[in-house]
Amino acid sequence: MQSNIQDIMDTVTSKTLTYQQKLFTLANISERLLSPIDILGYTPQELEHINNNMICDLNEGYAAYRPRYIVPDYNVYIKNGCRFLELPPPQNLDECLDGLLILYSHVPSITSFPVFIGNLDTLLDPFIENAETDYIKIKRFLNHIDKKITDSFCHADIGPYETLAGKLILQAVIELENPTPNMTLHYDPDKTSVEFARLAAKSCLLVSKPSFSNVQYYNRDIGEHALCSCYNALPLAGGGYTLSRLRLGTVAKAANSTNELINNVLPKVANIMLSIMDKRNTFIVEKSNFFETSFLVKEGFIHRTNFTSMFGIIGLADAVNRMLSLEGLDETFGTSERGDEIGHKIMETLETMVNAHPGKYVERTNDRYLLHAQVGASLHDEDNYNTPAHRIRVGQEPTLVDHLKQSAQFHKYFPSGTGDLFAFDQTYVDHLDAILDIVQGSFDSGYRYITPYLKNTDLIRVTGYLVKKSEVERATNGEAVLRDTTWFGKGTNEVADVFDRKLRE
């Protein structure tokens, strides 16, 4: 939403933001001081639907001077070095790690931090010479990232193949217990060794990462891709211009029946959001000069033609629950057959509309935007009425098997990403094959992405990113904290009780 001068003063005088957080917040405020009608050509109706909170632009800003998500191909650095940064191709592990850290500080995004730092195991593995000494270097490298990139939307990928570097990375991740970087294992049972999968499962239980991605599924939908930010599947050497989201729980309040929602209210609001996305993409490509000036483009780390945009949704459960209530049914999304029918009607309507709309500058995804299960945020009171993505509200979850079956039905709608999270008890650490069975069973049922974690750990995956519960407690007590995502985690937990997901015993 548009910002004002008071937002500047509130930020400058804040007692809970660090200097760096104030700097980034002030930059974001400045982007939103300008009118989107003047700079982007929004219509009054489009701005109205942002102001009435049916459409959320995630405070991206209207003077957009870079794409939201940038997904470099870091193999370009390994092969060619970087002329702009005066870095030659690395010859050993020290040079590789040092060069990557330098490069990361020059990769922008909506957060001002890189949201993708590479397929780390394949980048590092050619330089591994001694597991014992190189482990120390990798651990120090990962710790540097956590303390320098203070935003756990920063994401690294590993797999699908087992590598020595991959095993050292997982060992370090377990020992460090840091929120950043977020991490995904590209899991393929035909390529990923059982030993490596078990180690990843152990790490995910203990420190909530890496999550498991159904790489075969994503390859079919996206082609060569990376998992970045929360669990966003985007083209490698490209990224995403923008991500807007429909608050479906809010949209549903304007309808007095399921038919009215499906046939009138939802199509109207969806068309408005598609138009907003067109205008944002056009400004970034035609007006911002990002692609004309960035060394990432000039040296082949990214290509403009590899970018897409994401049409996000939250609050499917809340929209469905309202319709069930209007139909006189004392049922809730997740355990209601009629609820599933309504959920599919909503998603089929959106899927048809998004796939029929010719998006601007998104050749890589066949001139179409990608549906995305957005994880949610606490940007407005309306977020209290919008559960993340298509997830079942905490407190209304069915048994594990029923939950997996219900959720799996909806993963097919979201080629740019969706995922579900399940909290397990400590006994599963001694039964890693059971976790792998759950992962494989979910993928066989249609899942794209899953995170099994221990409920009693300090490090927890909020929606798609990680925070420390101890740091959230400090933020709750009014203390400044290192990572800005701690504030997002605090707000999302207050809205959706994500720290208290049902324990699976």
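This is a predicted model: local features need pLDDT of at least 70, side-chain atom pairs count only at pLDDT 80 or more; totals for chains, interfaces and linings use all residues.

Biologist: Why is the pairing of Lys 137 with Asp 94 called a salt bridge?

Modeller: The closest N and O atoms of Lys 137 and Asp 94 are 3.3 Å apart. The limit for a Lys or Arg nitrogen and an Asp or Glu oxygen is 4 Å, so the pair qualifies.

Biologist: How many salt bridges turn up in the whole structure?

Modeller: The search finds 23.

Biologist: How do you know that Asp 146 and Arg 483 form a salt bridge?

Modeller: Their side chains come to 2.6 Å, N to O, and the cut-off is 4 Å.

Biologist: Are Asp 146 and Arg 483 buried or exposed?

Modeller: Buried: Asp 146 has 0% relative accessibility and Arg 483 has 5%, and the label needs under 20%. Both also sit in a network of salt bridges that links Asp 146, Lys 147, Glu 471, Arg 474 and Arg 483.

Biologist: What makes Arg 247 and Asp 383 a salt bridge?

Modeller: The closest N and O atoms are 3.0 Å apart, against that limit of 4 Å. Arg 247 is in strand 8 and Asp 383 in the loop between strand 10 and helix 18, so this pair ties together parts 136 residues apart in sequence. With 2% relative accessibility, Arg 247 counts as buried, and with 0%, so does Asp 383.

Biologist: Why do we say that strand 9 and strand 10 pair?

Modeller: Pairing takes at least two bridges, and these strands have four, in the parallel sense. Ile 313, for one, has Ala 373 in strand 10 as its bridge partner.

Biologist: Which way do the side chains of strand 10 point?

Modeller: Leu 370 and His 372 point one way, Leu 371 and Ala 373 the other, and all are buried.

Biologist: What makes Thr 192 buried?

Modeller: Its relative accessibility is 6%, and buried means under 20%. Thr 192 lies in the loop between strand 4 and helix 10, and its side chain reaches the backbone oxygen of Pro 160 at 2.8 Å. Residues touching Thr 192 include Leu 185, His 186 and Tyr 187.

Biologist: Which residues touch the most other members of the largest nonpolar core?

Modeller: Among its 159 residues, those are Leu 142, Phe 212, Leu 246, Phe 311, Ile 346 and Leu 350. Helix 13 gives the most to this core, with 14 residues. As for Phe 212, its contacts beyond four places in sequence include Leu 185, Ala 197, Leu 436 and Phe 443.

Notes. Residues are numbered from 1 along each chain as its sequence is written. Side-chain values use heavy atoms; hydrogens and water are left out. A nonpolar core is a set of buried Ala, Val, Leu, Ile, Met, Phe, Trp, Tyr and Cys residues joined through side-chain atoms within 4.5 Å. Buried means under 20% relative accessible area, exposed over 50%, partly exposed in between (1.4 Å probe, protein chains only). Helices (H or I, at least four residues) and strands (E, at least two) are DSSP runs, numbered from the N terminus. Contact means heavy atoms within 4.5 Å. A polar contact is a pair of N or O atoms within 3.5 Å; within protein, one must be able to donate a hydrogen and the other to accept it, and residues adjacent in sequence count only if both atoms are side-chain atoms.
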